[in-house]
Amino acid sequence: MIIGIDVGGTNTDAVILDGGAVLAATKTTTTPDVTSGITTAVGRLREMSGVDLSAVSAVMIGTTHFVNALVEAQRLSPTAVIRLGLPAGAGLPPLVGWPERIVTAISGQAFMVHGGHEFDGRKISDLRQEELLDAVDKALANGAESIAISSIYSPVNAEFELIAEDLIASRYPGIPVTLSHQIGRLGLLERENAAVINAALRSLARDISAALTAAVRDLGIDAPLFVSQNDGTVMDLDFTRRYPVNTFASGPTNSMRGAAFLSGLSECVVVDVGGTTTDVGMLQNGYPREAALEVEVEGIRTNFRMPDVLSVGLGGGSRVRDGIHGVTVGPDSVGYRIGADARVFGGQTLTATDIAVAAGWADIGDAALVAKLAKSTVDGALSQMRDILENTVDRMRTSADPVDVVAVGGGSILVPAELASASHVHRPENFAVANAIGAAIAQVGGEVDRIFGVPAGQREAVLDTAKQEAVDRAIAAGAAPSSIQIVEIDEVPLAYLPGNAVRIRVKAVGDLPMGGTKG
Amino acid sequence: MSRRLTQQELVDMAAGAAIMATGGGGDPLVGRLLVQQALDEGLTVDIVAPDELDDDAFVISTAMMGAPSVVVEKLANGNEAVTSLRKLEAHLGKTADATVPMECGGLNSMIPLLVAARAGIPVVDADGMGRAFPELQMETFGVYGISGSPLVVSDEKGHSVLIDTGDDNVRMETFARAVTIQMGGASFIAEYPMTGADLKRTGIPHTLSLASQIGRAIREARAAHADPFAALVEAVADSIYGYATSLLEGKIVDVERSIVGGFTAGRVTLAPFDGGELLTIDFRNENVVARRGDQVVALVPDLITVLDLESCAAITTEALRFGQRVRVVGISTPEIMRTPEALEVWGPQAFGVDHPWVPVEKLTSSLTSQLP
């Protein structure tokens with residue numbers, strides 16, 4: 001049995017799964033102290049299911065704590081970043097382009113020292129121990145409590161970042177050190193930025209991990225705890241303390257994976273319709289497709305893995321207008337006031353929900369209040385909503401073949417029974433707790449992303465090397481070796497460089513060895 | 001009248017230069033950030049028109065050479081190209097009065113601005129490619145008789161190599177490419193030393209301004225909720241390029257890529273929204289030829305750029321993905337890029353396309369009525 005918990009900004013959802021069946025599911029309000037919401041939710045699960053919690057084999061938790069800490073610029077540690085790469089890189093020092101309020105919130109300090117590698121693994125400069133340790137001395141004297149290290153081409157050769165970590169640990173044991181190659185991919189500024197954000201969250205991660213452990217143990221659960229990551233896999237608490245930034249996009253990822261699990265599909269488009277927006281993502285091999293480009297988080301360019309999610313302004317509260325240019329739907333919404341403002345609830349604003357009720361697609365509020373709507377308005381709005389959804393689904397597809405669509409969320413009544421780009425529209429039960437289910441079904445993963453030289457005729461051999469590295473990393477992260485599968489392979493040749501240098505990215509995932517339930 | 005580069009023009013110019021890069025040239029972003037950093041330090045960049053230059057002025061072209069993907073990881077220290085410039089000056093015993101871009105498309109639109117800021121000399125509003133091309137002999141300077149040599153190529157350590165291949169600009173390219181790989185896959189060069197008169201005769205004028213105008217027109221149109229593509233067409237119409245047309249409004253339905261001798265070669269296939277014939281674009285780092293069905297509608301050196309449908313931002317060949325909603329624009333090139341001598345260096349045959357060169361305005365004139 002596995003418990004999945006998703007701690008969102010508003011709601012804490014929890015489920016208990018056994019062999020793929022949902023034994024109980026509940027939704028409570030998120031509490032400021034995190035843990036009492038979890039205690040309440042799990043207590044309810046126990047009541048609803050009658051399960052003995054000591055029989056639970058794992059607890060999987062998705063949380064928005066860390067991303068919220070960055071958004072609010074609260075509870076962040078004073079942080080220094082040291083870049084290894086001089087004489088390269090001096091034209092763009094670390095923290096360049098960061099919003100002032102976040103630099104202030106982390107008391108950001110930036111240092112540049114010698115080190116770094118070339119794309120083919122040669123050194124740019126030798127690492128100078130004393131220069132590095134001088135920077136660390138200064139950073140700590142100025143109040144830094146956490147350190148991020150970035151070295152040029154560390155995804156190709158991590159040697160210098162690892163040496164730096166050892167040097168710092170031997171002089172200052174207990175100071176958390178974040179290494180950029182363990183956080184992001186190629187693209188120095190973006191990877192370094194992600195490492196700095198991670199470093200600033202380290203002490204919060206320690207506190208949250210301790211609080212989660214205490215809450216779960218107080219419930220009489222002895223099972224190991226895992227935390228959801230952006231890519232749909234989980235990490236243990238030791239990893240969570242070191243890599244809190246990996247949780248940033250776990251909310252939408254868990255929701256998509258949960259929806260797919262509920263519908264029994266591993267290749268599909270998930271359409272999550274809320275009150276104001278619709279989020280659309282694509283699952284391949286049961287995992288969300290990742291955004292290919294840099295992702296801005298609070299105005300900071302980063303490149304850690306995020307799911308590729310398209311948001312459009314269509315939700316249950318979207319305002320519907322019938323004017324001289326025809327009928328429009330959204331993008332503005334009455335949002336949380338829908339219960340008072342929508343016509344079917346006696347309000348004055350025409351919303352997408354009113355249209356769905358008038359069309360007979362849903363039975364919400366008082367249908368009599370929308371019975372007199374002009375047919376042209378209803379038909380016009382329905383066709384608008386269909387256009388928006390069809391277009392968005394179409395944009396997420398990866399091939400011209402029709403794709404299964406899974407509709408979830410409170411506003412999913414707006415999704416027509418058939419869509420042009422969809423082979424079938426699925427509406428699973430229990431979709432309200434898809435997030436918690438997504439957390440509960442997670443696996444562990446390993447990944448490789450670096451540049452390989454590919455001699456003529458050696459492509460397969462090089463790919464095999466990359467796959468083996470990904471598998472080894474999945475095993476290191478705790479996956480049972482027999483369960484590991486490669487779920488993603490991506491090759492991008494480097495332009496304007498002879499010698500067939502290719503950036504290869506491989507991701508492997510596997511089950512946790514305790515034999516938990518999997519999707 | 002020379003003008004001083006503002007932060008706003010820098011942003012506009014980078015956006016326009018990405019469109020003029022015709023799918024290649026590297027993302028100007030990292031170059032823009034380097035220039036921004038220099039401006040933030042209080043340095044300035046003065047842009048002068050070619051006809052403001054004295055005929056006996058001494059001008060050196062500066063650029064990044066190699067893989068743009070390296071430049072976003074091994075960030076520049078900002079002085080590499082200045083090192084090349086200074087060493088070339090020392091070798092020739094003359095001080096440069098100005099620098100000039102060799103390539104106004106992509107990242108290399110930005111490097112001479114950085115040189116101008118850090119070396120304290122103006123940058124000339126002109127270039128030698130009028131777009132992006134993959135190799136150093138593909139410059140109007142060389143096409144019209146200027147030697148690229150002597151050339152200096154430098155890295156971030158201040159190491160440099162002087163290359164002098166006389167008037168053989170192709171050899172110069174191969175030597176410089178070999179050194180660039182040893183320098184880590186990216187280097188910074190100073191080349192094509194020439195007089196003001198030479199530059200006026202062989203350069204493509206006002207291309208930095210055109211990049212700025214395209215970028216600004218799109219930005220302003222978007223702010224005013226007007227059609228950014230119409231604004232782009234208008235900005236091009238006001239320049240010596242003259243003609244811009246929509247080759248397609250639709251979505252990407254297939255992308256194939258392979259590596260051919262250090263080039264990313266491939267083909268993207270696009271389906272128009274109106275259900276008409278498919279458009280294909282063959283690329284070799286840059287977009288080379290666009291065909292509607294079997295019919296060629298645009299050919300190198302004319303500009304073929306894939307734009308995001310909503311933002312009108314350029315999409316590089318590396319970033320093309322299935323499902324993207326795009327507009328494909330074809331832009332004519334000025335006469336100086338279309339002479340027999342020029343086409344010999346960068347016409348369709350130079351990129352392995354077996355089709356005689358025809359200007360995009362001719363290829364599309366019979367089609368205009370069907371276009372959106």
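Predicted model: local features only at pLDDT ≥ 70, side-chain atom pairs only at ≥ 80, totals over all residues.

1. Let's start with the build of chain A. Its secondary structure consists of 14 helices and 23 strands. The C-alpha atoms occupy a box of roughly 80 × 55 × 45 Å along the principal axes. For 519 residues, a compact globule would have a radius of gyration near 24 Å, and the 25 Å of chain A agrees with that.

2. Of its 519 residues, 57% are buried. Taking contacts between residues at least 6 apart in sequence, 66% join residues at least 24 apart. The accessible surface is about 19500 Å², and carbon and sulfur atoms account for 50% of that.

3. Which residues form the stacked aromatic pair in chain B? Over all chains there are 4 aromatic pairs. One of them is formed by Phe133(B) and Trp346(B), stacked with 4.7 Å centre to centre and 15° between the planes. This pair links distant parts of the chain, 213 residues apart: Phe133(B) sits in the loop between strand E6 (126–127) and helix H6 (140–143), while Trp346(B) belongs to helix H11 (residues 340–346). Both Phe133(B) and Trp346(B) are buried.

4. Staying in chain B, have a look at Gly352(B), in the loop between H11 and helix H12 (360–365). Is Gly352(B) buried or exposed? Its relative accessibility is 63%, so it counts as exposed, the cut-off being over 50%. From its C-alpha atom to that of Val268(B), 84 residues away along the chain, the separation is 17 Å.

5. Leaving aside residues up to four places away in sequence, Thr351(A) touches Gly316(A), Gly317(A), Ser318(A), Val320(A), Val334(A) and Ala342(A).

6. Most peptide bonds are trans, and most residues other than glycine have a negative phi. Where are cis bonds found? One runs from Leu86(A) to Pro87(A), with omega near 10°. Pro87(A) is placed in the loop between strand E5 (79–86) and helix H3 (100–105) of chain A. Another cis peptide bond joins Val300(B) to Pro301(B), with omega about 10°. Here the proline, Pro301(B), lies in the loop between strand E15 (295–299) and strand E16 (303–308) of chain B.

7. Thr22(B), not a glycine, has phi near 50°. Thr22(B) is in the loop between helix H1 (7–20) and helix H2 (29–40), and it is buried, with a relative accessible area of 0%. Tyr192(B), also not a glycine, has a phi of about 45°. Tyr192(B) is part of strand E9 (residues 186–195), and with 0% relative accessibility it counts as buried.

Conventions
Residues numbered from 1 in each chain as written. Chains lettered and ligands numbered in written order. Heavy atoms only, no water. Helix = DSSP H or I, 4+ residues; strand = E, 2+ residues; numbered from the N terminus. Rg over C-alpha atoms; globule rule 2.2 N^0.38 Å. Buried < 20%, exposed > 50% of the residue type's maximum accessible area, 1.4 Å probe, protein only. Contact = heavy atoms within 4.5 Å. Areas by Shrake-Rupley, 256 points an atom, 1.4 Å probe, with all protein chains shown as cover. Phe/Tyr/Trp six-rings, centres within 6.5 Å; stacked < 30°, edge-to-face > 60°.
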